[in-house]
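Subject: Handover of a structure and its computed features

Dear colleague,

Please find the structure below, together with its sequence.

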Amino acid sequence: MKKRFMVLAVIVIAALLIPAFKGFSVSAAEDTKVETEVEDTATDLSVKTEVDDPEILPDEGEVTAVDLNPSYWEKESNNQLTSATEIPYLNTGIGGTLSSSSDEDWFSFKLSKPGYVRLSLCHGYVDSSSTYWRASLYTDQIDSLFTVNFAGNALDEAFSGYVGLDAGTYYVKVNDYYYSGETYVLKINYTASNYWEKEFNETIVAANSIKTDTTYYGTLRTSSDTDWYTFDLPYDGYVWLTFGHDYVDSSSTYWKTTIFNSSNESFATDEWRGNATVDYDTYCYGLKAGTYYVRVTDYYDSNLPYHFQVNYEKSKAWEKEFNQTIVNANPVNVNTYVYGSLMTSSDNDWYSFNIPYAGMVRVAFTHDYVNSSSNYWRTDIYDSENTSLKNAYFSGNAMTVMYSDPVNVQPGTYYLKVSPYYDSRATYRAIVEYTTTGSFDNIVYIDPDKETVSITQHPKSATVNPGQLAKFSVTAKGTGLSYLWQYKYAGASSWTNWTSKTTASIDVAYADYRNGMSLRCMVTNSDGDKVYTNTATLKYNDGVFFSSQPQSVTVSAGSSADFSVVAYGSGFKYQWQYKLAGDSSWTTWSSKTTAKINVAYAAYRNGMSLRCIVTDSKGNSATSNTATLKYASELSITSQPQNTTVGVNELAYFSVTAKGNGLKYQWQYKNAGASSWTTWSSKTTASISVAYSASRNGMSLRCIVTDSEGKSVTSNTAVLTYKSNLAITTQPSNSTVMHGELAYFSVKASGSGLKYLWQYKNAGASSWTNWTSKTTASISVAYSASRNGMSLRCIVTDSSGTSVISNTVTLKYKSGIKITSQPESTTVNKNEVAYFGIKAAGTGIKYQWQYKYKGESSWTNWGSKTTANISVAYADYRNGMSLRCVVTDSDGNIDFSNTAVLTYK
C-alpha cells in the first residue's frame, strides 16, 4: 500500500504493442492489443477460454490469413432480431453471406458470467478499400453498444474494440455498406471476468460497484461514453488511484478520472497521457467513511482498454473532505498528527481545536518533497472571530520539520487553515503544538493511528465466603497485550508481582491470610506501554463455613460408626445432636463435643440422625448437614435366574431375588464359545429382558448383587437358547405379462436372519440355475423373449442355516401391444421442422400416422409416415394440426396413441 511522506513510486510495466489490424474502422481511435499467452481451457460448452482475473488483456491469437471454413453457419431467414441465429459456441467462427444489399443477418449469444468481448470478422476478398460489411453489437433491449466497419480488401481477420458486459443475452447485426455476396466469418471473442466494467454504466445511478485495492478494467466506446464506478469506505481514511492503459502514440491527455462524494460533488480530477507506458498513482485524498464514485471520461477519443485501482488505508489522522471553509472545519486535538493534501489551487483545509488553559501554540509542518525552493503552503491560526493571529509559509524542497512563530492563546476554540501558495497536491503533515509552560521542547506528539493500551473495564472488589474461589478480571484494548497481576496483603506498603497470574481473568483460592488483600493488574502492549488498573480488594465474610460435612454411614450390625465435620478457621467449639428414628426433636449429645466422633453399636440406633453445631470465638455458629446411621443386614440371593428357551425374534426374561441393604445389580454375559465374562453395563436391575440376536443363541448370563457396604454375591449361571420357526407364509404366484413388461414375484417367510436365493429353469430345461442377482424377497424380471415359459422358485434360509423351498411358479408373455412413450405436442418457429415420435412394445409392430387439420372432424392416413419417428416440414396451413399414430402387431391387434398438436410461433 501507499506510504506517507515518500516520493510516489512508479511501477514500470512493459506494454507490448502491435499495429492496428488493417481493413476496419470504428468511431474511436485505432485499436491496439496487448499480447500475452493465455491457455485455452474449456470450462463449458459455450465458453472456450476463461480468465477470471486478468492482469492484462489476453491475446486472441496471431493474425492469420482469412479462414472461410467456419464451424457453424447462419440459419436463414435471420434478417430480424426475432429470428436471430443463436451462436452455439463463443470464441468460434460462424459463417454467413448477405444475399442482397437489403439483407441483414442477426445473431444472438449468451454470456453465463460477466466478462469482456470483442467482435472479429474475416471475409472473402473484394478489390476495394471501401467498407463492405458492418457489425453492430446490441443489448437485449436493442441498445447499441458499438458499430464496427470492415473493408473489402482486408486480407486479415479484423477486430473491434473491447466492451465489458454483464451476464445476459446480446445480439449482433451484420449488414452491408457497399454490397458484396462474399462469405464472411463472425467470431464473438469472450473472456469471463468479474473485474471488467458492465455496460451501461454512463451515469452515477448506474455505477458499477467495485471493491477497494482491486484492479478493474474498462473501455470508453465512443467520445461521449462515460464510465461510473462506486465504492464504500467502512472507516475514515485516505485513498489514491492507480491508473494505466494501452499505449497511444501521443503525449496528449486521453483519459480523465474524477472522484465524487455521494452528493455528486467532485473533489479530485486527474489526467492521463496516451503515451504513458507505466501505471501511475495519484496523490492521496482524505475521506470520511461513506459511499464514493469514480468517473472515467475521455479527453481525446480512444477506445483502448484502461485499468485502475482505488487504493485505501484506514486512518484517523487524515483530513476529511470537504473541509474548505471554517464552518466545515475538521475537529483535531493539539499535539496530534493530521495529514492532508490541497487538491486544487483554490482548495483550503480547515481544522478546529480547543485550548483548555492559557498558553502558547505554534504549527509544526512537514510534507512530501517538491523540487522547488518556492513557498507552496501557507498556514494561518484563527480565533473564533475568524481573525488571523499568525501565519507562516513553507517551501517545497524543505525536508525537515518547519515551525510557525508561536502565539499566546486563552481558553477557547481556534482554527488552523492550510492553503496553497503555489499549487501542489503533495501530502503534508501539520501539528498544532500547545504548551502551558512557555517551552515546546518536551512536547510528545500523538499519532491517532497508533493504538495505545487503555483499560476499558477495571477489576471489581470481591467478598466471598471462606473456602470459596474469588474471581477478578480486567478488559483492555491495544495491540499485543500482556497481563501481570500484583497483590498487597492487608497492612503491607508495597506491591508484589504475582508471577503465576498472567491472564486477563484470574481465580484466587481461599487462604485465611488473604482476607483484606489488595489486587491490581499491569497491562502492557507490544510497544512496551504500560497501564495499571484500579485497585480491587478481597474480603471474606464473617461466620462459620463448613469445608466438610458429616456423611451418612451404613455399617454391619455390631460395628461402630464414625462421623466428622471440618470448618474453615480456628478456635471452634463442637456440639453434636441426635434424633432417633421416629423422634421429632433433636437431643444434645453432651459427651460428643469434638470435630470427629465414634458411635458405638446399639440396635435402637438403626436409622438415627446426627448433626453438629459449630461455634467460633466471636460467638458465630452454624449447623452442619444431617447424617444418618444405618445397620446392614446379611446379603444373600434367595431366587436364582433360570435357563430360558424362546422362539426366534422373541424377548427372553431373566431375574434374581436377593436380600440385604441398598442392593445394586450388575448382569454379566458370555457368548457361546467365549471364555470370559463381559459386564452388561445397561443391565442393572433385578429383572431384565434380552432382545433377540442370532449371536446370543447359547449365551450364558449371571448377576452380581452388591449391598450398601460394598459386599457382593454372584448368582448361578443361566443359558439362553433359541428355537427355529422358519416357514413360508406366502407362496409366489404365476405371472403373465405383456411383451416388454416387467414381471414381479415375491415370497414371505417367518424366521430370523432370513436370506433369499431365487432359482430359474427356462422352458424345456431339466435343472435349476441359481439366479445370484436375485436375493431379495420380492424381485422383478425384465422382459426377454427367451424367458417365456420360465419356471422360478425361492430358497429361504434362516440364521441357523435351516432352509425351505417355495412352490414353483411360471412366467408367461401374452401377445398384444403396449405404447410405452406417447407423441407430444410441439411448438416450433416458422420455417423449422417439427419432430414427433412414439415407442411401443409387441411383436411385429407396424406404424401408421394420421393427421387432422385444425377445424376438421375426421382423421386422414398419412401414407408416407409409417415409422416410429417422423419429421413434419413447415407449411403455414399445418399450424394447429393434430397428429396420432395407429400401432398394429403381427396378431392384428391395434392401438391408438394420444393426440399431439403442432403449433408455429
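The model is predicted, so local features need pLDDT of at least 70 and side-chain atom pairs count only at pLDDT 80 or more, while totals for chains, interfaces and linings use all residues. Residues are numbered from 1 along each chain as its sequence is written, and side-chain values use heavy atoms, with hydrogens and water left out.

**Nonpolar cores**

A nonpolar core is a set of buried Ala, Val, Leu, Ile, Met, Phe, Trp, Tyr and Cys residues joined through side-chain atoms within 4.5 Å. Here, buried means under 20% relative accessible area, exposed means over 50%, and partly exposed lies in between (1.4 Å probe, protein chains only). The largest such core has 30 residues, and those with the most contacts inside it are Phe109, Trp133, Leu137 and Val172. Two or more residues come from each of β5 (105–111), β6 (115–123), β7 (131–139), β8 (144–151), β10 (163–165), β11 (168–176) and β12 (184–192). Of these, β12 gives the most, with 5 residues. Strand and helix names follow DSSP runs numbered from the N terminus (helices are H or I, at least four residues; strands are E, at least two).

Leaving aside neighbours within four places in sequence, Phe109 is in contact (heavy atoms within 4.5 Å) with Ile87, Leu90, Leu137, Gly168, Thr169, Tyr170, Tyr171, Val172 and Ile188. A second, separate core of 28 residues includes Leu342, Val361, Phe365 and Leu416.

**Salt bridges**

A salt bridge is a side-chain nitrogen of Lys or Arg within 4 Å of a carboxyl oxygen of Asp or Glu. The whole structure holds 10 of them.

One joins the side chains of Lys187 and Glu157 at 3.8 Å, N to O. Lys187 belongs to strand β12 and Glu157 to the loop between β8 and β9 (158–159), 30 residues apart. Lys187 is partly exposed at 21% relative accessible area, whereas Glu157 is buried at 13%.

Asp270 and Arg425 form another salt bridge, with 2.7 Å from N to O. Asp270 lies in strand β18 (residues 266–273) and Arg425 in the loop between β31 (412–420) and β32 (428–435), so this pair ties together parts that are 155 residues apart in sequence. Both Asp270 and Arg425 are buried.

A further salt bridge connects Asp507 and Lys471 at 3.0 Å, N to O. Its partners are in strand β39 (residues 505–508) for Asp507 and strand β35 (residues 470–473) for Lys471, 36 residues apart. Asp507 is partly exposed, with a relative accessible area of 34%, and Lys471 is exposed at 58%.

**Aromatic rings**

Rings of Phe, Tyr and Trp (its six-membered ring) pair if their centres lie within 6.5 Å; planes under 30 degrees apart are stacked, over 60 edge-to-face, and the rest tilted. The search of the whole structure gives 55 aromatic pairs. Among them, Phe353 and Tyr414 have ring centres 6.1 Å apart and planes at 20 degrees, so the pair is stacked. Phe353 lies in strand β25 (residues 349–355) and Tyr414 in strand β31, 61 residues apart; Phe353 and Tyr414 are both buried.

For Tyr487 and Tyr489, the centres are 5.0 Å apart and the planes at 50 degrees, so the pair is tilted. Tyr487 is buried at 17% relative accessible area, while Tyr489 is partly exposed at 31%. Ring pairs also link Tyr229, Phe243, Tyr254, Trp255, Trp272, Tyr299, Tyr300, Tyr306 and Phe308 into a cluster.

A charge sits over a ring if NZ of Lys or CZ of Arg is within 6 Å of the ring centre and within 35 degrees of the ring normal. Arg362 lies over the face of Tyr403, at 4.0 Å from the ring centre, and the charged end of Lys683 sits over the ring of Trp680, 5.2 Å from its centre.

**An open sheet**

An open sheet of 5 strands has the order β13-β15-β21-β17-β18, with mixed pairing; two strands pair if DSSP finds at least two bridges between them. The edge strands, each pairing on one side only, are β13 (208–209) and β18. Strand β13 runs parallel to β15 (residues 227–233), joined by 2 bridges. Asn208 stands opposite Tyr229 in β15.

Yours sincerely
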